[in-house]
Amino acid sequence: MKIFTILDKIILFFCKLVTGVIFVFTSLVIVLFLFLFASKWLWPEINGSYDLGNNIYMLECDGGGKVIVYGTNISGNTCYGGGYLIPTYENQYDSTGRFAEYVVDAKSDDNWVIARTANKIKNERKFYILNKGYDPDTITEEEIISKKIEEFKDSAEFMRKCHDYGITISW
């Protein structure tokens, strides 16, 4: 009888242990799921998405660096994809498909986005001004690229144009 009592206590101990482990694991999974769900609403930067306003987002790329897109795949406050604006898709990769140009830094206010890019292959920098004065419901990414973005290879010319436009954003 004494052996059965000891065996019963051992089995009861392991059952409580397994139940506790399952409870802790399930709790951690639920907390992680809730965190991931909340992150797309509260902390989109965790997912590599930075809202620059007027449906323009800076995204971290898989190949390294960042790009600025016209958001088309948005969930919560997080953008997961869109049409490439800076650099354009053609400029982001070289002719062999290697990652080339990427955004080094970008800043925005209510009316403008300024960005600087670097090119790993050509070892050059470019500067961009994006005018956010448009209705995001009626414009296409092609129209933004052709009508709302100015590109500069000379930083002095870029700064002069920022001054002319009254852009007070700084790096």
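## Burial, shape and ring pairs

Q: What share of the 171 residues in the protein chain is buried?
A: Buried means under 20% relative accessible area, exposed over 50%, and partly exposed in between (1.4 Å probe, protein chains only). In the protein chain, with its 171 residues, the buried share is 32%.

Q: On what kind of model do these values rest?
A: Residues are numbered from 1 along each chain as its sequence is written, and side-chain values use heavy atoms, without hydrogens and water. Local features need pLDDT of at least 70, side-chain atom pairs count only at pLDDT 80 or more, totals for chains, interfaces and linings use all residues, and the model is predicted.

Q: What is the radius of gyration of the protein chain?
A: The radius is taken over C-alpha atoms, and the globule rule is 2.2 Å times the number of residues to the power 0.38. A compact globule of 171 residues would come near 16 Å, but the protein chain has 25 Å.

Q: Which class does the aromatic pair of Trp112 and Tyr165 belong to?
A: Rings of Phe, Tyr and Trp (its six-membered ring) pair if their centres lie within 6.5 Å; planes under 30 degrees apart count as stacked, over 60 as edge-to-face and the rest as tilted. Trp112 and Tyr165 are 5.1 Å apart centre to centre, with 10° between the planes, so the pair is stacked.

Q: Is Trp112 buried or exposed?
A: Its relative accessible area is 14%. Trp112 therefore counts as buried.

Q: Which residues do ring pairs link into a cluster?
A: The structure holds 9 aromatic pairs. One of them, Tyr93 with Phe99, is edge-to-face. The cluster consists of Tyr84, Tyr89, Tyr93, Phe99 and Tyr102.
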